[in-house]
4 protein chains.
Amino acid sequence: MTEGTDSATDDRTGVWLVGARGNVATMSIVGARAIARGVTETTGMVTEREPVASLELPPIDGFVFAGHDIEPEPLVAQAERQRDRNGVPDDETLAAVRDDLAAIDDRIEVGTAVNCGAAVSEGSEYLDERLAVRDVVEQIRDDYETFRDHHDLERLVVVNVASTEPELAAPERYDSRDALERAIDDDDRELPASVLYAYAAIDAGHPFVNFTPSTANALGGLEELAAATGVPHMGRDAKTGETLVKSALAPMFAGRNLRVLSWEGHNILGNKDGLVLEDEENAAGKLASKGDVLDSILPDIEHNRVRIDYTPSLADWKTAWDYIHFEGFLETEMKMQFTWEGSDSALAAPLVLDLVRLIAHADDHGDGGLQPQLASFFKAPLGVDEHDFSQQLERLYAYADRHA
Amino acid sequence: MTEGTDSATDDRTGVWLVGARGNVATMSIVGARAIARGVTETTGMVTEREPVASLELPPIDGFVFAGHDIEPEPLVAQAERQRDRNGVPDDETLAAVRDDLAAIDDRIEVGTAVNCGAAVSEGSEYLDERLAVRDVVEQIRDDYETFRDHHDLERLVVVNVASTEPELAAPERYDSRDALERAIDDDDRELPASVLYAYAAIDAGHPFVNFTPSTANALGGLEELAAATGVPHMGRDAKTGETLVKSALAPMFAGRNLRVLSWEGHNILGNKDGLVLEDEENAAGKLASKGDVLDSILPDIEHNRVRIDYTPSLADWKTAWDYIHFEGFLETEMKMQFTWEGSDSALAAPLVLDLVRLIAHADDHGDGGLQPQLASFFKAPLGVDEHDFSQQLERLYAYADRHA
Amino acid sequence: MTEGTDSATDDRTGVWLVGARGNVATMSIVGARAIARGVTETTGMVTEREPVASLELPPIDGFVFAGHDIEPEPLVAQAERQRDRNGVPDDETLAAVRDDLAAIDDRIEVGTAVNCGAAVSEGSEYLDERLAVRDVVEQIRDDYETFRDHHDLERLVVVNVASTEPELAAPERYDSRDALERAIDDDDRELPASVLYAYAAIDAGHPFVNFTPSTANALGGLEELAAATGVPHMGRDAKTGETLVKSALAPMFAGRNLRVLSWEGHNILGNKDGLVLEDEENAAGKLASKGDVLDSILPDIEHNRVRIDYTPSLADWKTAWDYIHFEGFLETEMKMQFTWEGSDSALAAPLVLDLVRLIAHADDHGDGGLQPQLASFFKAPLGVDEHDFSQQLERLYAYADRHA
Amino acid sequence: MTEGTDSATDDRTGVWLVGARGNVATMSIVGARAIARGVTETTGMVTEREPVASLELPPIDGFVFAGHDIEPEPLVAQAERQRDRNGVPDDETLAAVRDDLAAIDDRIEVGTAVNCGAAVSEGSEYLDERLAVRDVVEQIRDDYETFRDHHDLERLVVVNVASTEPELAAPERYDSRDALERAIDDDDRELPASVLYAYAAIDAGHPFVNFTPSTANALGGLEELAAATGVPHMGRDAKTGETLVKSALAPMFAGRNLRVLSWEGHNILGNKDGLVLEDEENAAGKLASKGDVLDSILPDIEHNRVRIDYTPSLADWKTAWDYIHFEGFLETEMKMQFTWEGSDSALAAPLVLDLVRLIAHADDHGDGGLQPQLASFFKAPLGVDEHDFSQQLERLYAYADRHA
């Protein structure tokens, strides 16, 4: 039952991960293969729970992984480091999928890191050092197609799980397909890597998911292209921890007409994400999408701040303290606090698998463009103003009911 | 603009509070009169927020208060003690409503405390010491009607906000209207006070709300009676603090298919509620309705415990610590903790006002029997299995949309 | 370098553990052997830090373990369960000491469980089922001596790390050596197991440490015996988690003249200790020694409660939430909260090793009777009124300075 | 019994507060006068608790207050704002001392704000706008002397409780008395206000306390001057909240040989201190003294960060969340978290009164120079390396025992 070759199923889905050797990618691959090999359960996967589980979704054991990265250390070493630092995956699971990881690692190609910031690209080799923008795009696309052809895939889904880029200045200059394609042809060196991966995917007809706060498909030009070509795509910035809690809790304050005076959020984490976000440039985008959730649900909030700090000893354990100061009846001031201690990658990985299945489902059913039914997965769901987690889930359940 | 006599409005609603000198009643009355006098805002009231605010609801400044209690200390003294111990209401607010409180206090009658447990009734005088059950019911009913007649009220709503009674054993013996009425006639001394108040209200055609965990209208016999007579009623146990948070948070764990291994809830509070709940007999009902919320939303939860302890120095400040141990992808164990510090009465009071308005609205529109659109207000909503706060609110909003 | 036979050192210390297959014993043995084999550090050991480290203490790699238990499951299985449930010890450490554990397990004898409560003894076999009290004592003593003789030990230290017994009623009846010995001879079946172990040790001249809240050496009769025979002994109830924090924090409130209104402590844990303490009988002693710390440091405290609950999923992770409500200048009420998440056995084990070394040191230097310099290790230090952790440590440091 | 004129005592102590209309000064004055008038207790005062209470200390009701400020809003208004925003002082207390506040306010002179940063000085008038440095010093000194002469004071103590200044660059240039006095004569405009106040006090023979993180007396030149003239002085940065807790807790980790991997401290507060500290320039000094405590007690700490953020709604309530990640035996990683919710001024004010009494005591007994027995009051005690709160208190107690 080696992944990609003699899978138990014929329904093979190519999963191309941008940032294929990062924490989230590694955990996603380990998890998918552990499920395929029957050594773990599917806890944490939304697509394994009703009503979504009733959809006809691509099977996990048919996932064939590949991807881009500029990090040379192989997947097995990445997984071992995660085991040593975080205790996840455990020895047994790692042993069961070790050969799979080695096989998948052979399919990871060097990618681009243009405009990813020094915190990401320093010390690595990457495509854009030697190629023009258009050539980078062609190379990426070629990598996608070669993979697809070699593995007899039903479909190919591209997911960006790479480190957060610095925020793109003036993204409105790429608001039309024309403007974007002209920029690529003109070798516009301000286009960030995530946009190139997204463009290559959508232009080639592959569903695309942006799991990160980077720009990627959140450009007018790419929305136009996807709408025109009928390619499903979605993003931005997966909602895994503190923001997920916020999107469940804030509606409670709103629903009870309690006035939030201050909501302070302090996140500490020790993985590469944390290190990259220490760089203020890279943090800006992340903080924006985290902050928007509260502003949307609690329009009258008086003070809303989010901090992310790098605490090396925590490794992949993202810990958040939130302090909520609110006012109720008769001007009574009250408080709620919470702390959240989650393994960031273990929270993210099942959502990667869910999103691959759900965007593939949309593609299979001819639903192109943005996919609002996937809003619950994202901090800044493209094309969706609703940030209330419960309301977002309702959309997903309605979609499931429609297609079941 | 003295309450009850020369109110700014002609639309007068009688609000009969069982336990009219308790914390919740006092704060509700103070708040309503402070709103009427323009010295406080309506923060915390669900009926003052869209879409519910669009309904034609009885005006707050038309509320005329009265009620039963076995506690002799007058309302003004109650309010002063709350100010001194909790800081709510503040001096200014209290000064503005002091005369109103004194006027209302004159309308509070001695009630029954039958089967309320020693923690509640010790040292007080009450009706059932000298009257047969049927006579107690008649006296209560007579109190309702006298009040109604003297104040030219459009309607009278009865709300039970008295201290929690011990759980009623074998409530199924009162499962039919006949059985219940026979028990009253047979001077069945096991019927608790809350049932007598509820019976007297519903039988006389007054909408009834049970804000507490006591039995009251949660008897088959009373449901039958209310359905037959078309009287709206609802309950049980208002959802104000820790359980409210649970009902907003637990759906997040469910929605993401995260497995909750243990959910420990520890509540400490220092008001009379806390003192009464120190008595294990009285605590049983409360703990049951608190625990059910999680069991309903998270059917696979492995361990779910709620503790309530009396901590005198906290006065009306109810503080809860919840510890949630959950498992995600790849059997990763994670944790969330929260602490909630709320002024119990300040959280409860606006909901009392909301419920009066909403059940009066149902009555005005001929909706009798249980009112499932009010489920979001209760820990154990009668006739409703849904405990997800967001879903419960959806029902209220749908009701508002239907009637707007 | 197999433990007990060809140790690197000639200075061999016999460590007889009562409850030798329990969590604390297992972790102590695993840790000591891992230190001896060079696969772990000595973090958590007070005797490895200055100024105590300057004392001439028995070497850890010279510890030879043995003990009593009524639990038949062998040490290796105990250690494996701890690894699986708590992640401690890790695979590597366990592999390094597995053979040592097996060898030690052969030296564990069946003990007594008289008056340990049903929660402890149910389903096991034990000495007191078939022997008179005096015979049980003789058998225990015989076990000590046989072990000592077979392993060429410099000294033998007995440490009680067994599950907590129910509190002994009227302990003053054993307040003299005579009374105690008469009770043993008269087959007094109310004497609990811990007393018999302590008596057998002290009477035979072996230093004794009571790591638990059980009675053991906390009897006037045993103090008299130990004083007369010059045997060092100490106890009661090792201070490992929440109480340790209290004994460090409470002096801060005292030192700043802040008035503690309420101190609520809520402990949840999932190991056998937790299960035994679910039994109210067994919990009483534990709660008493936990509560005393605050009452001693903060004599004016108004409310002080400790709860211990069993939360199976936490395994050996003892989590505590403490809520401290205090009053400062101008009657300002303020709050501090803390949560503590510690692996109970990993906190306890190094202290077992410390205590063995330090009581052996006292014995080597002719210091008999109670050992007040060890007060910092205990929740209820015998013969010491000081509960301030910092002051207790000063006593230890003064002892170290005196002997260095 | 009006303060300063017909006090119950003849032993009158002048208390000159730099920043006399700030939060801490206001609360100190309110508290002292409330004590004098018998309407509050002395909770929070170290000098009212044994063994310090046994010293012959200047009576609180003999304190005569005056001071400098650049803030024009009078003391009564300051106190009212604190009551409204924080609930401290309460109405009753404020009423009792209102006249005293008005009388004291008349004795507050305009001061200097040189190099206090824009966050402090913007929009106010102050001495250094129109005077040379030497003239500013003379003016300050003249203010001290005029006050002393007019009120028949036994002694005058100067305490700096003004907002935190930006850190002084290259303080070593003022390391000798000569260098410092030369700079004053040369109109060196880089000398910050706090230094001028301290110089004027010490040069005139008045005991000086620096309650803030500003430079003040922490200059070699001033230490030389104070030692030469025998004037007692002490500082720096009163230890009132999170850092106090750290200095009580960190020794526990050290004492048990537990390795702290990360200690994250996040402070939020809403008073002027918070606003000033939003300015990164002003925050630097504060953060340095907060951070040093841990580095000193836990020399092997791997990661130690402190954040201070401005959260307007919290007013004077300083809330801190600390997350402590530590390693114990067998490399077990564990966690402790705490939150601290204190009214900053209510914690600080009693210490101001304590320090006035204790430094006056030193002066009365001829102890000049730095006063290490006062280390427990400060985050960065001048001339003292000991940061363990308990050890620091021991020094105070030893001083008390020596003088009792």
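How many residues of chain A are in contact with residues of chain B?

Author: This is a predicted model, in which local features need pLDDT of at least 70 and side-chain atom pairs count only at pLDDT 80 or more, while totals for chains, interfaces and linings use all residues. Residues are numbered from 1 along each chain as its sequence is written, chains are lettered from A and ligands numbered from 1 in the order in which they are written, and side-chain values use heavy atoms, with hydrogens and water left out.

In chain A, 65 residues are in contact with 65 residues of chain B, where contact means heavy atoms within 4.5 Å.

The size of an interface is often given as the accessible area lost when the parts come together. Between chain A and chain B the buried area is about 5,100 Å², and carbon and sulfur atoms give 60% of it; buried area is the accessible area (1.4 Å probe) that two parts lose on being put together, summed over both. Of the area that chain A buries against chain B, 18% comes from A:Arg256, A:Phe329 and A:Leu330, more than from any other three residues.

Two salt bridges are found across the interface of chain A and chain B, a salt bridge being a side-chain nitrogen of Lys or Arg within 4 Å of a carboxyl oxygen of Asp or Glu. The side chains of A:Arg259 and B:Glu41 form a salt bridge at 2.9 Å, N to O. There are also 27 residue pairs in polar contact across the interface of chain A and chain B, both residues at pLDDT 80 or more. A polar contact is a pair of N or O atoms within 3.5 Å; within protein, one must be able to donate a hydrogen and the other to accept it, and residues adjacent in sequence count only if both atoms are side-chain atoms.

On the side of chain A that touches chain B, at least two residues each come from α1 (23-36), α9 (242-255), β9 (317-327), β10 (333-343), α12 and α13 (389-403) of chain A. Helices (H or I, at least four residues) and strands (E, at least two) are DSSP runs, numbered from the N terminus. With 11 residues, β10(A) gives the most to this side. By class, the side of chain A that touches chain B holds 34 nonpolar, 18 polar and 13 charged residues; Ala, Val, Leu, Ile, Met, Phe, Trp, Tyr, Cys and Pro count as nonpolar, Asp, Glu, Lys and Arg as charged, and the others, Gly among them, as polar.

Chain A also meets chain D, with 24 residues from chain D and 24 residues from chain A in the contact. These two chains bury about 2,100 Å² between them, 52% of it on carbon and sulfur atoms. Six salt bridges cross the interface of chain D and chain A, including one between the side chains of A:Asp309 and D:Arg307 (2.7 Å, N to O). On the side of chain D that touches chain A, β7 (259-269), β8 (304-310), β9 (317-327) and β10 (333-343) of chain D each supply at least two residues. That side has seven nonpolar, nine polar and eight charged residues. Chain D is superposed on chain A by a rotation of 180° with 0.1 Å of shift along its axis (RMSD 0.0 Å), which is the relation of a two-fold axis.

Within chain A, the domain assignment gives domain 1 (13-238 + 346-403) and domain 2 (242-342), with bounds that come from an automatic or database domain assignment. The contact takes 21 residues from domain 1 of chain A and 28 residues from domain 2 of chain A. Between these domains of chain A, zero salt bridges are found, and four residue pairs are in polar contact, both residues at pLDDT 80 or more.

Methods. Copies are superposed by least squares on the C-alpha atoms of residues with pLDDT of at least 70 in both.
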